[in-house]
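Hello,

Here is the structure we talked about handing over. My notes on it follow below.

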Amino acid sequence: MHFKGLLQKDGWHGGADVTTDDSGIIVSIAEADADGGDFVLPGFRNAHSHAFQYAMAGVAENHSNPNDDFWSWREAMYKLALEIDPDQLEATAAMLYSEMIRHGYTHVAEFQYLHHDKDGTPYSNPAEMASRLIAAASKTGINITVVPVFYKTGGFGKPATEEQRRFVFDNTEDYLRLVEATARECGNYEYANFGIGIHSLRAASADEIVAISKEGPGDVPLHIHVAEQLREVEDCVAFYGKRPVEWLLDNAALDERWNLVHATYLLEHELTGITDSGANVVLCPTTECNLGDGIFSLKHFRAHGGSWSIGSDSNVSLNPFEEIRLLDYGQRLTSRSRNTFGETGSRYAIESVFDAGGRATGVSGDNFFEVGKPFNGCVVGSDHPLVSETSMSNRLNTIVYCSDPTLQRGSIVNGRASVAGELNNEIGDRFAKVLRELGNR
Ligand SMILES: [Zn+2]
């Protein structure tokens with residue numbers, strides 16, 4: 001495949017010719033004429049998604065309640081969670097993943113807590129729902145990391161509610177059996193792997209959090225939602241006498257394997273505790289904006305060398321450039337200054353999303369494109385004058401800050417090009433049918 005420019009960690013190379021073998025592994029990256037072709041960036045790693053929530057994207061925006069917030073949104077989300085069956089989940093995820101590929105995501109980490117049948121009884125295959133996500137990934141070709149999630153309590157020290165019945169386990173042993181079953185399901189798709197997860201501090205006891213982190217597989221990524229909402233922080237302080245991240249630092253031996261999703265509310269010692277531990281943070285700017293969560297202190301986190309990736313979370317937006325822009329603009333607005341990402345601008349952001357996204361999805365690799373590694377890229381058109389007439393030093397920033405999705409040409413996933421606008425009719429038709437069945441739009 002020929003490209004006008006190929007982005008590596010040290011900047012643009014190009015033109016470039018990339019060849020792959022039959023499995024999509026890069027065999028060579030050669031210098032070539034810079035005439036013709038598009039630009040290729042590393043494929044984006046989406047470190048946090050809840051596929052089923054895509055079916056409610058955009059339908060929680062008529063706000064009759066003047067105090068509409070995260071918790072009222074959660075009620076609408078629970079309604080959908082109780083409704084959706086395995087076939088519908090698979091159809092929804094297939095549509096979602098094909099749209100992610102169209103926008104430049106080539107890998108998704110699914111934080112999967114919708115486990116049981118509608119009445120709360122486990123399916124005969126405990127990993128039934130995870131298997132449907134893997135089937136959807138296989139249909140679209142995206143790389144997937146399934147993160148089965150432990151969930152037990154309905155708040156700090158409180159039993160789960162009836163509406164949480166599809167999420168909850170009686171004990172950590174049952175959860176660890178699900179992890180094993182999920183690992184087996186990953187064997188059905190070459191590009192699937194797994195992690196482990198705990199929904200949040202409010203959904204598990206202290207003993208359970210420690211047990212899962214110690215007794216679960218030790219060589220896979222571990223994900224947890226943390227400190228997303230102020231009320232959650234206050235409830236945690238009331239129950240444990242500590243803030244959520246404080247508690248994790250004191251009790252859970254945080255390290256590089258941990259991925260703290262949101263971490264919106266941090267005090268100075270919590271922020272440096274995370275960076276000292278090597279743990280990663282997963283930021284989901286469009287969802288955090290949409291739900292009114294708050295703004296993560298990225299400038300400060302970067303100053304301490306913090307490791308962060310992005311996730312599309314509720315899937316209200318599937319555009320990785322929008323996540324990066326919004327993240328930056330939140331910092332600029334709150335700091336009333338413009339330098340969020342430092343000297344290399346958005347290249348710093350792309351690098352952080354790549355590296356920390358790799359840790360969140362259990363994928364290794366140093367540079368964006370390397371011989372011997374799978375070819376995963378986000379393709380950006382070179383025909384718009386704003387891009388074609390721009391120097392290498394401003395090209396990526398122009399793409400990140402000034403492009404719209406018409407420039408996004410799709411992705412190359414494991415060596416296979418998937419072109420924007422090539423919407424698979426069968427996937428679209430099945431998803432449309434599911435939306436009509438769900439009747440929530
Ligand atoms: Zn989430």
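Surface, fold and one buried serine

The protein chain exposes about 17,600 Å², and carbon and sulfur atoms supply 47% of that area (accessible areas come from the Shrake-Rupley method with a 1.4 Å probe, and for residues only the protein chains shown count as cover). This is a predicted model, in which local features need pLDDT of at least 70 and side-chain atom pairs count only at pLDDT 80 or more, while totals for chains, interfaces and linings use all residues. Residues are numbered from 1 along each chain as its sequence is written, and side-chain values use heavy atoms, with hydrogens and water left out.

The protein chain has 15 helices and 19 strands (DSSP runs numbered from the N terminus: H or I of at least four residues for helices, E of at least two for strands). Its radius of gyration is 21 Å, close to the 22 Å that the globule rule gives for 441 residues, so the chain is as compact as a globular protein of that length. The radius is taken over C-alpha atoms, and the rule is 2.2 Å times the number of residues to the power 0.38.

Of the 441 residues, 58% are buried (under 20% relative accessible area, 1.4 Å probe, protein chains only). Among contacts (heavy atoms within 4.5 Å) between residues at least 6 apart in sequence, 77% join residues at least 24 apart.

Ser-346 lies in helix α12, residues 346-361. Ser-346 is buried, with a relative accessible area of 0%. Leaving aside neighbours within four places in sequence, Ser-346 is in contact with Phe-341, Leu-396, Asn-397, Val-400 and Tyr-401.

Regards

Note on methods. Buried means under 20% relative accessible area, exposed over 50%, partly exposed in between (1.4 Å probe, protein chains only).
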